[in-house]
Amino acid sequence: MQKYRTYIPAIIIVSVLIVSCTRDAEEELAPACTTDNMRYSTDILPIIQANCYSCHAESIATAGVILEGYDHVKARADNGDLTGVITHAAGYTPMPNNSAKLSDCDINKIKSWVENGAPDN
């Protein structure tokens, strides 16, 4: 039994090192979130379509909010509603409703696009 007690700490240390190295490698392989030069058509619209259209397409317009079409999204971007709801800021209804919050990357993409004037590009 004494023989095994000397191996247990070594096994624990080696296990911790292996797990920490594996996590580092996974983080390095994960794609970075790029928020420079966000384009409505290729970066923002897919996020809106995937997360907002089920309730805010023109034919549905839950709570009178339409996010289908650039002009509708631009209006919500300009008045601060878009950023407020997706960041779950105080005073805004958190969106998407009854769903997980958007990823930090998607939120940062939208915020960057809004901060740059929400261009129709």
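1. A word on terms to start: two residues are in contact when heavy atoms of theirs lie within 4.5 Å. With that in hand, His56 touches Ala61, Thr62, Val65, Ile66, Leu67, Glu68 and Met95, leaving out residues up to four places away in sequence. I come back to this histidine below.

2. Some ground rules. This is a predicted model, in which local features need pLDDT of at least 70 and side-chain atom pairs count only at pLDDT 80 or more, while totals for chains, interfaces and linings use all residues. Residues are numbered from 1 along each chain as its sequence is written, and side-chain values use heavy atoms, with hydrogens and water left out.

3. The overall plan. The protein has six helices and zero strands, so the order from the N terminus is α-α-α-α-α-α (helices are DSSP runs of H or I with at least four residues, strands are runs of E with at least two, and both are numbered from the N terminus). Of its 121 residues, 26% count as buried; buried means under 20% relative accessible area, exposed means over 50%, and partly exposed is in between, with a 1.4 Å probe and protein chains only. Among contacts with a separation of 6 or more, 49% are between residues 24 or more positions apart.

4. Back to the histidine. His56 belongs to helix α3, residues 53-56. Is His56 buried or exposed? His56 counts as buried because its relative accessibility is 10%. A polar atom of the His56 side chain lies 3.0 Å from the backbone oxygen of Val65. That is a polar contact, meaning a pair of N or O atoms within 3.5 Å; within protein, one atom must be able to donate a hydrogen and the other to accept it, and residues adjacent in sequence count only if both atoms are side-chain atoms.

5. The largest pocket. How much space lies in the largest pocket? About 330 Å³. Of the 20 residues that line this pocket, His56, Val65, Leu67, Val85 and Met95 are the closest to its centre. By type, the lining holds 11 nonpolar, seven polar and two charged residues.

6. How the pocket terms are set. On a 1 Å grid over the protein atoms alone, a pocket is an open set of points with protein on both sides within 12 Å along at least five of seven lines, whereas a cavity is a set where a 1.4 Å probe fits but cannot get out; lining residues have an atom within 4 Å of a point. Points are joined across faces, edges and corners, and the volume is the space filled by probe spheres set on them. Ala, Val, Leu, Ile, Met, Phe, Trp, Tyr, Cys and Pro count as nonpolar, Asp, Glu, Lys and Arg as charged, and the others, Gly among them, as polar.

7. Met95 is in contact with His56, Val85, Ile86 and His88, setting aside neighbours within four places in sequence. Between Met95 and Pro96 the peptide bond is cis, with omega about 0 degrees. Asn97 is partly exposed, with a relative accessible area of 44%, and its C-alpha is 9.5 Å from that of Val85, 12 residues apart in sequence.

8. Helix α6 (residues 104-115) has 12 residues and reaches 16 Å from its first C-alpha to its last, close to the 16 Å expected at 1.5 Å a residue; the expected span is 1.5 Å times one less than the number of residues. Its buried residues are Asp106, Ile107, Lys109, Ile110, Ser112, Trp113 and Val114, and their cover includes α2 (40-51), α4 (70-78) and α5. From helix α2, Asp43 has its C-alpha 8.4 Å from that of Ile110, 67 residues apart along the chain. The Asp43 side chain also reaches the backbone nitrogen of Arg39 at 2.7 Å.

9. Backbone angles to check. Most residues other than glycine have a negative phi, and most peptide bonds are trans. Ala61 has a positive phi near 45 degrees and sits in the loop between α3 and α4. Ala118 has a positive phi near 50 degrees; this alanine is in the segment after α6 and is buried, with a relative accessible area of 1%.
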